[in-house]
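Please read the following report alongside the sequence and the coordinates. It moves from the overall fold to particular residues and their surroundings.

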Amino acid sequence: MRSESGTTRGISSPAIGGSCRALCRIHPRPKGRGFLLESPVTETDNVWFTNVTMNLNPMHFNETYAAETEFGERLVDGTFVIALAVGMSVIDISVNATANLGYDEVRHHAPVFHGDTIFAESEVVDKRESESREHVGIVTTELRAFNQDGDLVLSLERTPMVLKRAFAQPSAESPPGWPEGVGTQPDDLDSS
């Protein structure tokens, strides 16, 4: 979250390596609309991702350099924002995907800073049968990510090849590795 002065207020990180991935929350949406997921972005997320991907742009890891730019602070690596938003969409869109066929129309609409919370949502915009495989379909989705202020920060079109329900073992309702007795559909969530 950003303060009135424009500086980032930190989010306390769990003891496990400083990562806040455990803080990702799922919000049910109206029936048929899937989930709206949220996750805070930490300094550790950004610096580790920037280093692992060998991104040498000092905007992501050099505080002194970034302080002198128009943003006045480090920016979160845009490819991290893409990875986070796509990752958050897996439970809703592609837990039973056999392949990701493409990412198109990728647009960064606003910067992301340490301490921002990212929300992601997906909307199916097209689906069709596979011409060469009877057990899968091709699903095109629009993925949108917003910050805690509701500003659109990322949009992209994503096209996974997904197992049809009859062939999905386990199903979207019970994805691989999901705890026994915990569902993934809005009706499965305990409202208490």
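## Model and overall fold

The structure is a predicted model, with a mean pLDDT of 77 over the chain and 69% of the residues reaching 70 or more. Over residues 1–35 the pLDDT stays under 50, although the model has 79 contacts beyond four places in sequence for this stretch. Where pLDDT is low, the predicted coordinates should not be read in detail.

The chain comprises three helices and six strands, and from the N terminus on these elements follow the order β-β-α-α-α-β-β-β-β. Of the 192 residues in the chain, 38% are buried. When contacts between residues at least 6 apart in sequence are considered, 64% of them join residues at least 24 apart.

In helix 1 the buried residues include D45, N46 and T50; they cover an arc of only 115° around the axis, which places them on the same side of helix 1. The face turned away from that buried side carries W48 and V52, which are exposed. Just after helix 1, M54 adopts a positive phi of about 60°.

The structure holds two aromatic pairs. One of them is formed by F49 and F80, in an edge-to-face arrangement with 5.4 Å centre to centre and 70° between the planes. Because F49 lies in helix 1 (residues 43–52) and F80 in helix 3 (residues 78–94), this pair ties together parts that are 31 residues apart in sequence. F49 counts as partly exposed at 21% relative accessibility, whereas F80, at 9%, counts as buried.

| Residue | Relative accessibility | Class |
|---|---|---|
| F49 | 21% | partly exposed |
| F80 | 9% | buried |
| S122 | 11% | buried |

In soluble globular proteins, nonpolar side chains tend to be buried together. The largest nonpolar core here has 19 residues, of which V41, V112, I118, V153 and L154 touch the most other members. At least two residues of this core come from each of helix 3, strand 4 (117–129), strand 5 (136–146) and strand 6 (152–163), and helix 3 supplies the largest share, namely eight residues.

What does V41 contact once its neighbours within four places in sequence are left aside? With those neighbours set apart, V41 is in contact with V76, F80, L84, V112, F113, H114, G115, D116 and I118.

## S122 in strand 4

S122 has its place in strand 4 and is buried, with a relative accessible area of 11%. Not counting residues up to four places away in sequence, S122 touches S89, I93, E142 and L143.

Terms used
Residues numbered from 1 in each chain as written. Predicted model: local features only at pLDDT ≥ 70, side-chain atom pairs only at ≥ 80, totals over all residues. Heavy atoms only, no water. Phe/Tyr/Trp six-rings, centres within 6.5 Å; stacked < 30°, edge-to-face > 60°. Helix = DSSP H or I, 4+ residues; strand = E, 2+ residues; numbered from the N terminus. Buried < 20%, exposed > 50% of the residue type's maximum accessible area, 1.4 Å probe, protein only. Arc of directions from axis to C-beta. Core = buried A, V, L, I, M, F, W, Y, C linked by side-chain atoms within 4.5 Å. Contact = heavy atoms within 4.5 Å. pLDDT = per-residue confidence, 0-100.
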